Amino acid sequence: MDIKVTRNPNPAEKPDPSTLGFGKIFTDHIFMWDWNIDKGWYNPRIVPFENLSIHPGSTVLHYGSEIFEGLKAYRRADGKVQLFRPIENIRRMNNSAERLCLPQIPEEDFMQALTEFVKIEEDWTPSAPGTSLYLRPFMFGNDESLGVHAVHNARFLIIASPVGSYYKEGINPVKIMIEDEDVRAVRGGTGYAKCGGNYAASNRAGERAEQKGYSQVLWLDGVERKYIEEVGAMNVMFKINGVVVTPMLSGSILPGVTRKSIIDVLKSEGYQVEERLLSLDELVAAMADGTLEEAWGCGTAAVVSPIGELCYKDHKYTVNNGEIGELTQHLYDILTGIQWGKEEDKFGWTVEI
Ligand SMILES: *Cc1c(COP(=O)(O)O)cnc(C)c1O
């Protein structure tokens with residue numbers, strides 16, 4: 001693939017790393033690629049960062065044909081920049097595309113686009129501890145018509161944003177509210193796809209939890225409201241009686257790269273890991289009899305996010321005295337160690353740019 005590069009004539013000043021939040025500052029360029037049902041993919045290009053111009057009848061604005069990915073480029077101590085398991089994001093994006101009738105992206109072309117784009121924006125990868133360059137590939141349906149059908153035109157883009165450390169004030173366990181009204185996804189729906197619509201549907205419960213002083217919701221399954229699914233936009237894991245239990249990928253759960261990596265690390269260290277249905281009743285019983293030892297969410301942004309309190313119908317349960325558990329801390333150290341190149345990458349997960 002021949003990517004045409006137009007350099008930004010007015011590159012921005014790099015921000016002070018202490019002011020980086022999440023996704024507020026963008027780099028100097030965008031990768032863009034268009035698709036048409038007859039032509040296929042055409043005109044791959046890297047252009048100066050700019051606003052998009054789209055037709056007011058564009059499919060994405062009315063029917064929500066949109067999918068995305070999230071991964072990071074990490075600056076190692078030797079100055080080189082690396083990605084963490086990008087092939088997993090590429091494959092997941094194609095699974096999401098299949099679900100929403102958006103076009104498939106050939107894996108090698110996707111990888112080339114990512115690496116060429118990151119090379120061009122390499123100077124934007126910050127080096128302060130905990131910081132990284134967040135990469136956001138996304139695709140949307142772009143037919144200029146209000147007809148409802150699988151799209152005939154789409155656009156794929158990659159944008160990037162230098163992001164700060166998730167844990168500036170140290171790793172603080174979060175308080176989670178168990179949501180028994182709204183559901184995030186159902187089997188047969190789009191729960192396993194990383195699509196914008198899932199997020200739009202999650203906001204109401206998230207807002208309600210926030211108003212009550214909780215930082216995320218714990219989602220239950222959409223049919224029986226009985227089984228644990230995810231926490232906010234992260235996968236969730238529990239250490240019960242020495243065994244790590246995480247909801248199995250049932251179709252309504254997003255298959256996280258962090259989830260998969262943690263399972264691999266745990267198994268390599270001899271831990272017993274169970275991917276299975278985990279009912280709220282079982283979790284409540286484990287909280288009541290003290291066998292719930294640790295609980296954490298996991299995802300690219302935070303890596304792991306320890307859970308210090310769970311609230312269900314006004315009953316509050318404290319997990320591990322509201323402190324980060326030993327295993328949670330260990331998993332955080334191992335994964336971030338590999339990502340920032342401080343630990344040996346014995347799994348072969350990193351890709352140097
Ligand atoms: C992206 C995402 C995750 C975490 O996936 P990672 O690949 O680990 O970042 C979990 N749940 C939802 C709903 C997500 O969108």
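Across the whole structure, a search finds 14 aromatic pairs, where rings of Phe, Tyr and Trp (its six-membered ring) pair if their centres lie within 6.5 Å, with planes under 30 degrees apart counted as stacked, over 60 as edge-to-face and the rest as tilted. One of them joins Phe-84 and Trp-349, whose ring centres are 5.6 Å apart with planes at 80°, so this pair is edge-to-face. Because Phe-84 belongs to strand S6 (residues 81-84) and Trp-349 to the loop between helix H7 (326-339) and strand S18 (350-352), the pair ties together parts that are 265 residues apart in sequence; helices (H or I, at least four residues) and strands (E, at least two) are DSSP runs, numbered from the N terminus. Phe-84 counts as buried at 7% relative accessibility, and Trp-349 counts as buried at 7%, where buried means under 20% relative accessible area, exposed over 50% and partly exposed in between (1.4 Å probe, protein chains only).

This is a predicted model, in which local features need pLDDT of at least 70 and side-chain atom pairs count only at pLDDT 80 or more, while totals for chains, interfaces and linings use all residues. Residues are numbered from 1 along each chain as its sequence is written, and side-chain values use heavy atoms, with hydrogens and water left out.

An aromatic cluster is formed by Phe-31, Trp-33, Trp-41, Phe-110 and Phe-156. Charges also sit over rings, which requires NZ of Lys or CZ of Arg within 6 Å of the ring centre and within 35 degrees of the ring normal.

| Charged residue | Ring | Distance from ring centre |
|---|---|---|
| Lys-39 | Tyr-42 | 3.8 Å |
| Lys-175 | Tyr-214 | 5.5 Å |
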